[in-house]
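I opened this model to look up how its chains are built and how they meet. My entries follow in the order in which I made them.

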Amino acid sequence: MPDLGRKKVGIIACSGEEIPEGTVTRLAALKVLETLRPHETVTICLPLFLAGGEGDRAFARFHPTVAVDGCEKRCAARSTEIYSSKPAVSIVVHDGADATRLGTARRLTEAGMKRVNDVAEQIARHVDQLLGLKSDRRAGRALGSPESQEDSKGRQATCSCGSGIPVATLRLAGREATFVALPLIFAQFREAGKLPDDSTQAELMEAVRIYNPIADEDEASCADLILREYRAYCQRSH
Amino acid sequence: MKGKVAIVPCSGIGKSYGSVAREGAFEVTHDLCREKTRLVPLALLVLGDDEARSALAETQAITIDGCRLACAAKVVAESGGTVAHKLRVFDVFRRHRNLKPSGIAELDENGKKLARILADEIKELVEGMQGGTGGA
């Protein structure tokens with residue numbers, strides 16, 4: 001598998017404005033992004049899946065994703081699945097108990113803030129599992145992460161909105177097909193000095209398959225297409 | 001125009017401007033124009049929730065976006081809603097450059113002041129749309 005930058009987990013919160021649980025999702029996601037796992041996580045605004053471009057919609061195909069929803073409508077999880085890819089984990093904050101004890105969507109009570117902390121820790125545990133990291137539960141940190149001891153105070157979350165995952169749209173068997181991360185894969189193979197010939201084809205396809213499901217019937221034509229495109233890429237960047 | 005004016009903030013999670021949009025929407029719908037406005041969550045529109053789409057169909061919307069990608073305005077239009085006013089937090093900030101907001105989970109004082117100014121501007125727009133005075 002090529003190393004296309006360090007693997008990170010995507011956190012997508014519904015941020016629902018009508019119920020306190022929506023604010024819990026937002027604050028819990030921010031706590032993970034800013035404090036608990038700042039170097040292991042990224043986020044994107046949910047509406048970008050509809051309002052953004054193909055690169056934004058590739059988000060959950062590129063990153064294993066934790067969707068955090070306030071209620072059983074599960075807007076974040078379902079929208080992510082519809083527009084991008086099925087989240088690896090779906091968390092719903094509403095637990096059937098009286099939500100008023102959490103406060104309002106605008107101002108959470110102490111109980112609401114405790115729920116934020118609980119949900120944030122739950123998200124962080126899923127992040128560690130998805131990345132294969134061991135947790136230091138007392139410190140709330142991931143062990144084995146190079147920056148895990150780094151002080152993250154003062155760090156502010158940033159979104160991946162608009163930056164997009166690089167994609168390439170090619171014609172495969174007479175139709176347009178979008179390949180997530182293909183420009184990154186080509187760049188890395190080129191940098192590694194891998195020749196655009198048959199000796200590289202299998203490895204190239206292995207990398208492409210990580211981010212792109214390929215139907216069995218398309219396998220052969222796709223392999224030819226990808227190698228041809230890689231050859232053209234190498235000639236362009238020669 | 002029928003029904004309450006729909007207020008749709010982006011609630012963007014990666015920038016302070018998104019939090020200003022969210023707080024400004026709360027200020028309008030909870031305090032300044034409670035009887036004349038209704039907050040419609042963007043996440044429900046993204047999912048295509050019938051109730052949220054119906055709420056848009058019956059009225060006009062004011063969208064509040066925290067960045068140039070204008071998710072709220074685009075999603076409301078995509079959902080069949082009528083956008084009467086597309087607001088951008090950055091435009092409000094440009095008129096009040098001394099109020100550079102900071103923080104996302106917790107807005108700083110500048111952010112809160114900017115949200116209040118944004119809410120006042122929305123209140124005026126709502127009053128203009130309904131041809132009367134606002135108020136709770």
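This is a predicted model: local features need pLDDT of at least 70, side-chain atom pairs count only at pLDDT 80 or more; totals for chains, interfaces and linings use all residues.

Residues are numbered from 1 along each chain as its sequence is written, and chains are lettered from A and ligands numbered from 1 in the order in which they are written.

**Chain B, overall.** I looked up the order of elements in chain B, which from the N terminus on reads β-α-β-α-α-β-α-β-α-α, giving six helices and four strands. The radius of gyration of chain B (taken over C-alpha atoms) is 14 Å, close to the 14 Å from the globule rule (2.2 Å times the number of residues to the power 0.38) for 136 residues, so chain B is as compact as a globular protein of that length. The C-alpha trace of chain B spans about 40 × 35 × 20 Å along its principal axes.

**Chain B, sheet.** I counted two strands as paired if DSSP finds at least two bridges between them. In chain B four strands form an open sheet in the order 2-1-3-4, with parallel pairing. Strand 2 (37–39) and strand 4 (82–88) of chain B are at the edges with a single partner strand each, so one side of each has no neighbour in the sheet. On average, neighbouring strands of this sheet are turned by 25° against each other, direction ignored. Strand 3 (residues 60–65) of chain B is joined to strand 4 of chain B by six bridges, and Ile62(B) has His85(B) as its bridge partner in strand 4 of chain B.

Helix 1 (residues 16–32) of chain B touches strand 1 (5–9), strand 2 and strand 3 of chain B, and its direction makes about 155° with that of strand 1 of chain B. Helix 4 (residues 71–78) of chain B touches strand 1, strand 3 and strand 4 of chain B, at about 150° to the direction of strand 3 of chain B.

**Interface.** I found 27 residues of chain B in contact with 31 residues of chain A. Helix 2 of chain B gives the largest share of the side of chain B that touches chain A, five residues.

**Chain A, helix pair.** Which helix comes within 10 Å of helix 8 (residues 198–211) of chain A, axis to axis? I found helix 9 (residues 219–236) of chain A, crossing at roughly 105°; the two are therefore roughly perpendicular (65 to 115 degrees) to each other. Their contact is made by Gln201(A), Leu204(A), Met205(A) and Val208(A) of helix 8 of chain A and Ala223(A), Ile226(A), Leu227(A) and Tyr230(A) of helix 9 of chain A.

**Chain A, hairpin.** Strand 7 (residues 167–172) and strand 8 (residues 175–180) of chain A run antiparallel and are joined by six bridges, and I noted Phe179(A) in strand 8 of chain A as the bridge partner of Ala168(A). This hairpin has two residues between the strands, and Ala173(A) takes a positive phi near 50°.

Terms used. Axes are lines fitted to C-alpha atoms, for helices over the stretch in contact, and angles run from 0 to 180 degrees between N-to-C directions. Two residues are in contact if their C-beta atoms, placed from the backbone, lie within 7 Å. Angles under 35 degrees count as roughly parallel, over 145 as roughly antiparallel, 65 to 115 as roughly perpendicular and the rest as oblique.
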